[in-house]
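Here is a friendly briefing for you. Have a look at the model first, and then we can go through its contacts.

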Amino acid sequence: MEAVRCSVDCWADFGELLSGRVVHTGTEVLLTTGTSDLLVFSGQEKRVKSILQFDSPVTSLAVSDKNRLYALCQSHGLYCTSFPQECSSQSVSAQKCDSSVSTISRDSIVIEDGKMQAFILVEGILVIVSLQESFWSFDLYKVPNCSTGATVYRKHASVHVSQNTVGARIGSAPVLASVYPSKDSLSKGRTCQGHYLLEPLLFRLLFGVDAALVHSPVILCGLPDGRLFFFPLLFPSWGEQKPRIRMLHSLEQPVTFMGTSVIGEQGPQCLVIVGQMGRILLIRASQTSSDGKAADCGFIEQTVRGPVVCACVNGEHLFYSTSTTLLALPLSKTATSSAFSSLTAAEGERESIRQEKPALLSQSAVCLSVSRVIALAEPSVTPTGHVQLLLLSHSGRLLQVTLPQESDKDSVSRLTSSKVGQTVKDLLAGIGNVWERATSVKLQLQLKNNVLKHLNQVINICSLFLTYQKSSQEGKDCKPPISCHGVAKWSTLLQKEALVLTCTLENLSAYVLDQGWTLCIEVQSPYSLTAEGTSKTYSFALKKLDCGQKMEVNLPLESRGEEFVPVKIQCFLVYSLQSLLHKEECRNFSASEIPVSHFLEDKSCISLTLNTLTLDWLDCLRIGQPASHSEIPKQNSVWEATCIFLSSRRIHTEEQPMPKPDHHVVAIRISFDLLKTVLSFRDCSSAVLCVSVLNWLLFGMFETGGQKFVESAVVCAHGPDRQPVRLLAKEVILSDVNSEGPLSVVEVQVQSSSMAAVFGLHHAVLRRVQSLLKDAPMKCANPGQLKGQRLCEAVRHAESLYKDLQDSQSSAAFGGVMKTRTSESLFDLYLQLRENPLVIL
Amino acid sequence: MSVTPCLVDRWTEENNNIVRKWKEYENRRQPLQDVRKHCYAEFLKLWQKIQGLPATTEQLQLEITASYNTLILSLSYSKPQDTQHHLTNSLVRALEAVGAQVSKTDLGTLLQAVLKTFGGTVYQPCIHKLLLIQWAIWLSECQFDGILHLLQQINPKNKITPSGDLLTEIRNLTFSIQEDISLLVAMAAKDLKDLLHICTFVSKGVEQMRKENYTEALLAIQEAATLSSPRALLAHIHTLTGLCFTKLGRPQSALQCYRKALEVDFSCQRALYQSSLVYRQSGNSQAEIEALHLLHSAVLLHTERDSSSTPAALISPDMLLGGEQMAFISQVPSPVLILHTLAHRCLLNDRNSESAEFYVDLLATLQSPDSRPHGPTIDALPFPRIPVVYLEAAFAVLKAKRFWDSIAICDEVIAKTVDLVPERLLLEPHHRSAGPTELAAVGVESEAVEEKLDCVLWSGAAYFLQGHAYLQLKDTKEALTIFTRAINQLVKVCVKQKCWTVSNLGQTEDSDNKVATLEALKGQTLAGRGVCFIERGQLKEALRDFQLSLQASGCRNTEMWLVETLWRLDRKKEAAAMWHQSYNSTNSPTPVELPLYLQTWQEDATNLDHSNLNEKMEKFIHSCGDITMT
């Protein structure tokens, strides 16, 4: 037997009781406590409102719809009194009115008969059961119409049933109930105390077609000897051949309760009769089955452990009280037990099955943990669906018990031990799931935080650059936070000589360059063969570059020929937004075909421009290895191969071969004063100056400690095209340039057999000087004497010449048709250059 | 022993005041129940006050008068036992007043002692008043011996020798009735005595009637009729006289008596009812129906008026005659039964539209919560089963050509019965070792089987009536369906033996009747379907159905239809033979009493024009004869 917890609300305490009865009439509760007093208890105010004193103990009660109270007193008869009136509203507001005590006089007796046992009020008719000498008498009295003042209760009819002394128990009264056929099959099975609705089919099967046709209620009476009788109430007589009152069944023990129960979904389908010793009779109709069998009714008798003191039915549940505890029995289980199905399968009619296994049924009963209940009122259902029972306990307490809702009760009561383990497992699994989810959420949060951190850094660096840009625009001299320097070097790898550019990234900012940053180096050679020039980008992913650290990267400069010099090298720092995302997520995105938002594509990135470097001929010179190139096996470049091919074909042309490989010489003159001022040579000999000038040109510095890269005024080197080149610096005194007198000038001579090298170097030197001159106005206070304008023109001239040269070269390379013109133009250029020795002041 | 005379005077005054108050109320004739009760309470109080003093001769007159007044009122309020108890107390106190000692225990000796003590004294009239109360008590309990004994003692012995006959004794009763003017009484002793006189005669008569001793009853009642009596009582007396005449085989005299009764009191329903019975016996259905109609409206009026009854007299004959006697006298069937009888009679007399109205009323009465008859009434007359009433109603409504109403009523019956009908009902209780299908009928209460049989009959009949309704609506297709359903219902019952004798059934005749009804119904339903088939031109099916119908139960009409069908099928010789046979055969009367809704069916609706057919047949037979002759 399982137990259910239900909330118990104690309304009142009346002290020890022997017997009692509770009737719930809307707002009021009528109580009898075995004495001659009838208590009217207000359910709302939770107090006794009035006490009606009768001459003898009240055994049963009824309240008519006209607010008349009928009370049956032992050995006196039936009293009828008006229902105690409510206190007037004024007095209630003024003071809490005390319970009024009123004595009901004998004048209120409407039917005087000391032998009355029970009564019921149905449709304005009082049905009274009395025990005469040898028979039970059912008397029908019509309740007079109060409005017209008539007070006489006329006996309309009476029926007799012989008394069965066997099995009768002294002290128990007959039980009366009225049963109506329910018109609506879904209506509730209960109207009020003692009045029940029953499904029409079962009603017809049990009580006949006639009562159903005229919708007459049927009075059902359970006698103390266990016999159940019924007769239709509103009905003309049939005459002799049919007995008026008929026996339905015999329970063989005093009847405690009769009612109808809802089983299934089709209204009140089951007649429930409970005996004092615990026998429960259920009468149900079996529907007309598909094989055309007529509808029939089945009687099932089962037994619970008795004694049953009182009982009531709500919906599918029978609530009954043994002398010790209150139990709830689900009738649906009982009615659909195997016993019933076997019964309906049999063709027998009105056979009853009697099960004498109290333990079996008692097991399915649920203990409500309320002890010693002696009276139950009709259960009510709260709007929230809870069943409320009003009961009177042996200890004299008026209790309101609210049962847990069906679903709650099921889950609580039907948990077996095997299911407990399962439930625990489920719970643990649930916890695990929640934990997993929490972890993943945490991870995501972390990722987001990281991303935000990264972004923050990126933004910081960006803003750093912005401020730098601003300040540099304003003319302030400051260092870039992050800079990149490049140096070109020749290296020999696998007997192949290659020019390698070594870039150094220096982080001078306060921020760490983290993973995700990429150093991009774009190498542009604007003077390449194609019109728009070629460009190549190298990118190096940074791992981590702390503040003040440097990073070196090497990248090869393609040495396809000499055409690539000079090159412009641009450095960027690129932050790809994709790296913000977690790798796995990226993978997921790429795996799925979902169009990932475009900002995550490769293009979307933050790019910061660092410095721009220019690499020219001077930077690419190989110094001090004049003899080496003959020993090294020459690798034929495409250009050389073309040259060889062309030279082999030269016999067919009548033209003169290419200009002789005698030295072309180009000279650049720079005034002594300028150099002295700019390069801050104060007092030194002209020879030292010349060396210094060469050093400056070649290495970008004049005196670097003790280290001197060039020690003489003549430097022999190889150009990138591997042609020998000679650089020479000497002092020349010019007399015609300056009006003020002779001008001592450093003449830088470029001598080479290769025209390209000569021009390239010339150009490079001029560029250096140009850059020097850019700074000059700030240092030199003599702008009027300078012929900077001429110098600039000379540089531009040289550039155009160089361009023309390259054009001619390309046309020579691809055609060879216009060779004469080429050579002519080249020669012109050369002459021009020679004619204009520049003096740079 | 010194009772202050002023106290006596005051009490006398009080007594007189109460009586005056009562008289005033009585004259005004207002239905004030409270006044009556109030008076009773005041008398009771006075009486108790008087009894507070020891009984003395000075106040004996007053005390007895007060007792009389109290007891008269208590007759209508208390139980006879209580009144008797009070009366005995008063008598004992009277004896005590004069100093006589007597035991309370035996009423007879007490009365004897009282009469002996007070005989010839001043107090005799007062004592006689009290004894009238005793008479009334005994009368209401029908203790005629006690009354006889009492009266014998009252009557001076020297006048007439005691005859032993109560009625003679009453006739010869000499009562010393002298009213004391100073002491008022609620009801004059003489009036009470006269009323008791009549009532005793009536009661005696009724007792004789109950013993079926009508001649003597007639004597007693006729004598009562000669005396002056209240209106209602006189009407009852006339009715009882009529009842005796009826029993004695003199209906005309009886009718006259009933008429007299009605002249005296129109609301005498018993007289109306009885006259209707007499008319029925004499076959005057017109008058019978009229009487029933009047009765019905009277009953309805009465029930309406019932609650607001006119203020009853202080002592009503109803009170004196007692409940049982009155019940016998004014016994009238319940309004429902009257209505049913009325409707039934109308139907039998072909007053179809009226009948239909009455039946519809009846059904409404059965359904309505207010006017429903309650409970097992004391009616001796049986009311038919409710489904039967419904079927009769459907039949009546159908006859009144209200087809859709009829169909609706039948629907109601079908809905209630059809799911109770088993698939197969075998009526053969003798062979218990039968197959499993017969278990349903075997070994089960006969009552249940009979109920099932009833259900079959009712549902079958309901379908049958519906079929006819549709047939008359010319919806032959629907009619065909319904008739087929009816047949399906009816063939569920299998009767193993042709002669169905059931030993374990109490009412064998009843069961026989039901089986016969079933067969008749089957025959008529088949015939009905046959007609449907003819209407639809399916002659072969019609022929089959008519033949089956004749097998189930023969009926002249069906035979004629069969002849017609054969004729139409061009089987003329067979038709002629059939016609000849049925024409010459005498119609055997049906041995069983069919229910109303089947009884009168034969002359209706599906009837064929016999004359036409007969003519046709005669011609054919003649021509055949000619042919054979030649």
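Which side chain meets that of Arg280(B) in a salt bridge? The partner is Glu288(B), at 2.8 Å from N to O; a salt bridge here is a side-chain nitrogen of Lys or Arg within 4 Å of a carboxyl oxygen of Asp or Glu. This is a predicted model, in which local features need pLDDT of at least 70, side-chain atom pairs count only at pLDDT 80 or more, and totals for chains, interfaces and linings use all residues. Side-chain values use heavy atoms, without hydrogens and water.

**Salt bridges**
- Over all chains, the whole structure has 26 salt bridges.
- Arg280(B) is partly exposed at 33% relative accessibility, whereas Glu288(B) is buried at 2% (buried is under 20% relative accessible area, exposed over 50%, partly exposed in between, with a 1.4 Å probe and protein chains only).
- Glu288(B) also meets Arg345(B) in a salt bridge, at 3.5 Å from N to O.
- Glu288(B) sits in helix α14 and Arg345(B) in helix α16, so this pair ties together parts 57 residues apart in sequence; helices are DSSP runs (H or I, at least four residues), numbered from the N terminus.
- Asp210(A), Arg385(B) and Glu451(B) are linked in a salt-bridge network.

**Nonpolar core**
- The largest nonpolar core has 226 residues, a core being buried Ala, Val, Leu, Ile, Met, Phe, Trp, Tyr and Cys residues joined through side-chain atoms within 4.5 Å.
- Helix α20 of chain B gives the most to this core, with 14 residues.

**Helix α9 of chain B**
- Of the 22 residues in α9(B), 17 are buried.
- Just after α9(B), Glu212(B) takes a positive phi of about 60°.

How values were computed: Residues are numbered from 1 along each chain as its sequence is written. Chains are lettered from A and ligands numbered from 1 in the order in which they are written. Helices (H or I, at least four residues) and strands (E, at least two) are DSSP runs, numbered from the N terminus.
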